[in-house]
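Me: Hi! Could you walk me through this one with me? I'd like to start with the ligand and then look at the backbone.

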Amino acid sequence: MNPEIARKLLQVGEAFRIPGPFFSYEEIKMGNVNHTYKVNYIRDDGSGMAQIKSYLVQRVNTYAFQDPVALMSNIDKVTEYIHHKFPETKCLHFHHTAERSNYLMDQDGFWRLSNYVPSVTFNSCDDLNVVRSAGEAFGDFQMMLSDFDAGALYYTIPDFHNTRKRYEKLKADMAADPCGRVAEVRAELDWLLSAEDEACRLTDMQEQGELPLRVTHNDTKINNVLFDEATHQPLVVIDLDTVMPGLVGHDFGDAIRFAANFVEEDCPQAEKAGVNLNVFWAFAEGFLKKTAATLTEAEVATLGNSCFTLACELATRFLDDYIVGDKYFKIRSPQHNLERTRCQIALAKDMQVKLDAMNAIVRDCWVRYRGW
Ligand code: GN1
Ligand code: MG
C-alpha cells in the first residue's frame, strides 16, 4: 500500500461519511481512463463480530471528462430512472457527502464512492453462455432507457463516437507531429486513412438522419458487466460515464470489437487478432433477443459494419494518443498505444473479410427475435 494513496482514500471515505476503521485498499487496474480503488473497512456485523465492508472509490479523469459535475448528474438521472421504473434491477449506488453531493472535488482531483458488488468480470471470454448473457445485459440496458428523455443528458464527451471527427483529429495531430513519432507509424496511418470512408459510413448516416438516436451506453466492453461469482449470471451494467444519445451500432460494435476478438485489445502480437464468429454469434443472440423488436431494418443493416467502424475508431484514438505523447489512455509500456492500434487494425482487417458472415448472423437473429 502506498501511504499517500491510503491517506487520500481515507480522507475521501470520511467525506462520504463511511464509518471506519479503514484498513486497506487495492487498485483495480481495469479501466483505461479513470483510477479505481477497492477500499476495505472493518465493521461490527451487529452481533459483535467483525466483518469486512468494501466500497469502490474512483478518481475521475478530468482530462477526458471536462465537466465531471455534469457527468455525475447524468449518472444520477439514469440510475434514479432505472431504480424507479425497474426496481428489481441492480444499479450502482453513489454515496453522498454531508452537503448531499455525489462527488468530492478537491486539490487532488474529482472523487466518487459507490457500493462494491462482489463479482467477476471477463476481458476475453470463450464461454459462450457468458457472452450471450453480456449481450442480454447490454440489450436490456438499452431497452430500460428506451423512454428516457435523451435531451436530459449532458454530452459527457462531445462527439464521442463521431468517427469523422476522430479521423480529423488524427490527421491534424499527424500534421503537427508534436513528438516526432509519425515516421514510425506511417504504415498504420496509411491503412487507417485508406479505410476512412468505410469506417465513417455509420457517422455519415447519423449526420444524414438516417438512423434513430437512442440512449446508449457507449462503452460496452464486456468487463463493464459484473457477473455473479458462482453462477456467472449478469448482475449489473457499470461504467455509466458515457451514457449519452447514440446509435445502436455504437454499443453493438464496441462490444464485438472487444469481446469477439481472439485476443485482448492490447495483445502485442497483432497478427493473432481477428473475429471469433462463435463469440460474435453468441453476443448477437443475446443482444438482439432483447432489442430486435424495436430495431429498424436500416439499423440492423448497419450492425456488421458498425463493428468495423468501432475497431477503426479505437485504432484512430489509440494512434492519435501515441502521436501526441500518450495523454489520454493509461499506458503500461512506452509502445502500449501503438500495440493497441496494431491490434485494432488487424481486427478491422479480419472484419472486412468476415463482414458478410457477420451481417448474415445479425439478420438471422433479428428475424427470429423481432416477433413479426
Ligand atoms: C476507455 O476506461 P475504460 O476502459 O472504461 C475509453 C473507451 C475505450 C476503452 C478502450 C471514456 O474505457 O472509449 O473503448 O478505454 N473510455 C473513454 O479500452 O474514453
Ligand atoms: Mg469506461
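What follows is a short chat about this predicted model.

Me: How many residues surround ligand 1, and which are the closest?
Reply: There are 17 around ligand 1, and the closest are Asn32, Lys221, Glu265, Arg317 and Tyr328.

Me: And what kinds of residues are in that shell?
Reply: Eight are nonpolar, six are charged and three are polar.

Me: Which polar atoms come up against the ligand's oxygens?
Reply: A polar side-chain atom of Glu265 is 2.4 Å from an oxygen atom of ligand 1. For Arg257, an N or O atom in the side chain lies 3.2 Å from a ligand oxygen. Val33 uses its backbone instead, with a polar atom there 3.1 Å from an oxygen atom of ligand 1.

Me: How much of the ligand does the protein cover?
Reply: Ligand 1 has 440 Å² of accessible area on its own, and the protein covers 95% of that. The ligand sits in the largest pocket.

Me: Which parts of the chain supply the shell?
Reply: Domain 1 (3–115) and domain 2 (128–370) each give at least three residues. Helix H10 (residues 297–324) provides the largest share, three residues.

Me: Switching to the backbone: is the Gly20 to Pro21 peptide bond cis or trans?
Reply: That bond is cis, with omega near -5 degrees. Most peptide bonds are trans. Pro21 is in the loop between helix H1 (3–15) and strand S1 (22–28).

Me: What about Arg17, is its phi positive or negative?
Reply: Positive, near 60 degrees. Most residues other than glycine have a negative phi. Arg17 is also placed in the loop between H1 and S1.

Key:
Residues numbered from 1 in each chain as written. Chains lettered and ligands numbered in written order. Predicted model: local features only at pLDDT ≥ 70, side-chain atom pairs only at ≥ 80, totals over all residues. Heavy atoms only, no water. Near = heavy atom within 4 Å. Polar contact = N/O pair within 3.5 Å; in protein donor to acceptor, adjacent residues only side chain to side chain. Areas by Shrake-Rupley, 256 points an atom, 1.4 Å probe, with all protein chains shown as cover. 1 Å grid on protein atoms, 1.4 Å probe; cavity = no way out; pocket = protein on both sides within 12 Å on 5 of 7 lines; lining within 4 Å. Sits in = over half its atoms within 2 Å of the grid points. Helix = DSSP H or I, 4+ residues; strand = E, 2+ residues; numbered from the N terminus. Nonpolar A, V, L, I, M, F, W, Y, C, P; charged D, E, K, R; others polar. Domains from an automatic or database assignment.
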